[in-house]
Amino acid sequence: MKLTKTPQEFVDESLLLLKARPSTTRITTSYHAAPTGKGKLTLKTYDPVSGALVKFRTSKIAVVGRLVAGLNRLGRQQAGVPEPAVIGKNLFTTLGTSGWL
């Protein structure tokens, strides 16, 4: 099991696992609400054949939004759909992110 420390590391490691075993790898998300209003989001990319697991946890709302965008990339990889081409602009500037997708 690899517990990633950053959202970018989770996306990168998950992409590698999906490329290695696209037909058996699964991505799961779970959210646990807390009485204090601060819930936790957990994302896992798991391949049951090899036993490889990539995991990321956060309670920061800004990171959750970025991870949802990162799941788009992972879903495209799993479905075998190429990423859209961005011509003439930096993707990170266009999205307004901090540059980790």
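Trainee: How many bridges do β3 and β4 pair over, and in which sense?
Mentor: Seven bridges, in the antiparallel sense. Keep in mind that this is a predicted model.

Trainee: What does the hairpin of β3 and β4 look like between the strands?
Mentor: Four residues sit between the two strands, and glycine 51 takes a positive phi near 80 degrees.

Trainee: And β2 with β3, parallel or antiparallel?
Mentor: β2 and β3 run antiparallel, joined by seven bridges. Isoleucine 27, for one, has threonine 45 of β3 as its bridge partner.

Trainee: Which residue of β4 does threonine 45 stand opposite?
Mentor: Valine 54.

Trainee: What's the strand order in the sheet?
Mentor: β1-β4-β3-β2, in an open sheet of four strands with mixed pairing. The edge strands are β1 (2–3) and β2, each pairing on one side only.

Trainee: Switching to helices. Which strands does α1 lie across?
Mentor: β1, β2, β3 and β4, and α1 runs at about 160 degrees to β4.

Trainee: Which of its residues are buried?
Mentor: In α1 the buried ones are Pro7, Gln8, Phe10, Val11, Ser14, Leu15, Leu17 and Leu18. An α-helix has 3.6 residues a turn, so residues three or four places apart point the same way.

Trainee: What do those buried residues pack against?
Mentor: The buried residues of α1 pack against β2, β3, β4 (52–58) and α2 (61–79).

Trainee: Which residues make up the largest nonpolar core?
Mentor: It has twelve residues: Phe10, Val11, Leu15, Leu17, Leu18, Leu41, Leu43, Val54, Phe56, Val63, Leu67 and Leu74. At least two residues of this core come from each of α1, β3, β4 and α2. The most come from α1, which gives five.

Trainee: Take phenylalanine 56. What is it in contact with?
Mentor: Leaving aside neighbours within four places in sequence, phenylalanine 56 is in contact with Leu3, Thr4, Lys5, Thr6, Pro7, Phe10, Leu41, Thr42, Leu43, Val63 and Leu67.

Trainee: Now threonine 58. Where is its place?
Mentor: In strand β4.

Trainee: Is threonine 58 buried or exposed, and why?
Mentor: Threonine 58 counts as buried because its relative accessible area is 10%, and the cut-off for buried is under 20%.

Trainee: What is threonine 58 in contact with?
Mentor: Apart from neighbours within four places in sequence, the contacts of threonine 58 are Gly39, Lys40, Leu41, Val63, Val64 and Leu67.

Trainee: Last one, alanine 33. Where is it found?
Mentor: Alanine 33 is in the loop between β2 (26–32) and β3 (40–47).

Trainee: Buried or exposed, and why?
Mentor: Alanine 33 is exposed, because its relative accessible area is 67% and exposed means over 50%.

Trainee: How far apart are alanine 33 and serine 59 in sequence and in space?
Mentor: They are 26 residues apart in sequence and 9.9 Å apart in space, C-alpha to C-alpha.

Terms used. Residues numbered from 1 in each chain as written. Predicted model: local features only at pLDDT ≥ 70, side-chain atom pairs only at ≥ 80, totals over all residues. Heavy atoms only, no water. Buried < 20%, exposed > 50% of the residue type's maximum accessible area, 1.4 Å probe, protein only. Contact = heavy atoms within 4.5 Å. Core = buried A, V, L, I, M, F, W, Y, C linked by side-chain atoms within 4.5 Å. Pairing = 2+ DSSP bridges. Axes fitted to C-alpha atoms, helices over the stretch in contact; angles between N-to-C directions.
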